[in-house]
Amino acid sequence: MTAAPEAGWAAGLGDSLRAPGPGVRGAPTKARSSRRPHRPRTGGVASTQTPPSAPDRVREAIMEQCACVERELDKVLHKFLTYGQHCEQSLEELLHYVGQLRAELASAALQGTPLSATLSLVMSQCCRKIKDTVQKLASDHKDIHSSVSRVGKAIDRNFDSEICGVVSDAVWDSREKQQQILQMAIVEHLYQQGMLSVAEELCQESTLNVDLDFKQPFLELNRILEALHEQDLGPALEWAVSHRQRLLELNSSLEFKLHRLYFIRLLAGGPEKQLEALSYARHFQPFARLHQREIQVMMGSLVYLRLGLEKSPYCHLLDNSHWAEICETFTRDACSLLGLSVESPLSVSFASGCVALPVLMNIKAVIEQRQCTGVWSHKDELPIEIELGMKCWYHSVFACPILRQQTSDSNPPIKLLCGHVISRDALNKLINGGKLKCPYCPMEQNPADGKRIIF
């Protein structure tokens, strides 16, 4: 994403909004590799002025808004519960009273005696009691309506209903394209969460065509995870063995952890499983060099097998947390192997939106107030830089030191012969008479000698 060129208007936005910073961090240097991760942003250019606690403050504000609505909702639920109990008790008393009166009337009818003045008075009192009870219940029900309306007011007070107005419709190629992208993101999220039947139903109702090749990895991963939740290691072990070479290339210890957990299950079976455990220990041979210490611990536990591992120094081997750990390890390594993200793109986008939306709504109001609508005009940029926090550190970002713009696929970073790196657009603008002079050193070179680099 590129930064908005009009930076002067942003100087007076206040402490909550910050103008784009310089195009690069520090002085220009020669291209070099760096192991330090860079912070991704939803827009703007690199800067060192962002307070690290800004996302936390935004999240705290959002949670406080949710808590306000939740408190009003709790009041309504409490009133519903109290009203339900009171209504049930009142109706039961009324039915009991009417039942007694009906029995007395039936008895008088059987005896053939005329209706006494006392019984007539009781009937009048019963009718009055029924009317009063119904009126009281109706009045209490109206009070609940007012409490429900307060929940709606709390939602309107704490949340902006015009969120769609933050981003222009020009961001999407068309309304149909927007709907298709959203539906595909929801379907992928449902597949990743194991809600396969819901995803299939959504595909049918939305007429979304999803290839079997797209669904197959999710179906397989969910099948194996369901087996692990039931403490069945068979499908996971079979999958790990069939992908052994690729897992080794990822430096994954998944297969060893699966064999270790299977061995521990045999140990939990007691002395009767000792011979089977010793026989199964041969699976540890390929992992002896990298996991020698852990293998020694498991072999040492055999000494206490007859006495019971529960009361031995090796009781930690029986901890149920190993199952949760193996599920996490399998999910992480399998997703990495299959080119899938551990978290669904929809959940990541939603979490990022919770941080970015308050800032964007604030800046949109300022833009409209100052009539600077031309500042935010391109669909691949944001008017300011938004810090998303460390959880969203996914890839490196390079900003051209000449044009103060982030590089992109259409404007990639180019490494010159002298080692300095600028964007392709900057290179084209610096060409003079078929030659290029580096803007940071006196070296003159041929523009064709520049090489595209990928961070």
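Let's start with Thr207, which sits in the loop between helix H4 (196-206) and helix H5 (212-229); helices here are DSSP runs of H or I with at least four residues, strands are E runs of at least two, and both are numbered from the N terminus. This is a predicted model, where local features need pLDDT of at least 70, side-chain atom pairs count only at pLDDT 80 or more, and totals for chains, interfaces and linings use all residues. Residues are numbered from 1 along each chain as its sequence is written, and side-chain values use heavy atoms, with hydrogens and water left out.

Thr207 isn't a glycine, yet its phi is positive, near 55 degrees. Most residues other than glycine have a negative phi. Thr207 is also exposed, at 70% relative accessible area (buried is under 20%, exposed over 50%, partly exposed in between, with a 1.4 Å probe and protein chains only).

Asn251 also turns up with a positive phi, about 55 degrees, without being a glycine. Its loop runs between helix H7 (244-249) and helix H8 (254-268), and Asn251 is exposed, with a relative accessible area of 72%.

Beyond its neighbours within four places in sequence, Lys257 is in contact (heavy atoms within 4.5 Å) with Glu325, Ile326 and Thr329.

The chain has a mean pLDDT of 78, with 82% of its residues at 70 or more; pLDDT is the predictor's confidence in each residue, from 0 to 100. Residues 1-50 stay under 50, and the model gives them 109 contacts beyond four places in sequence.
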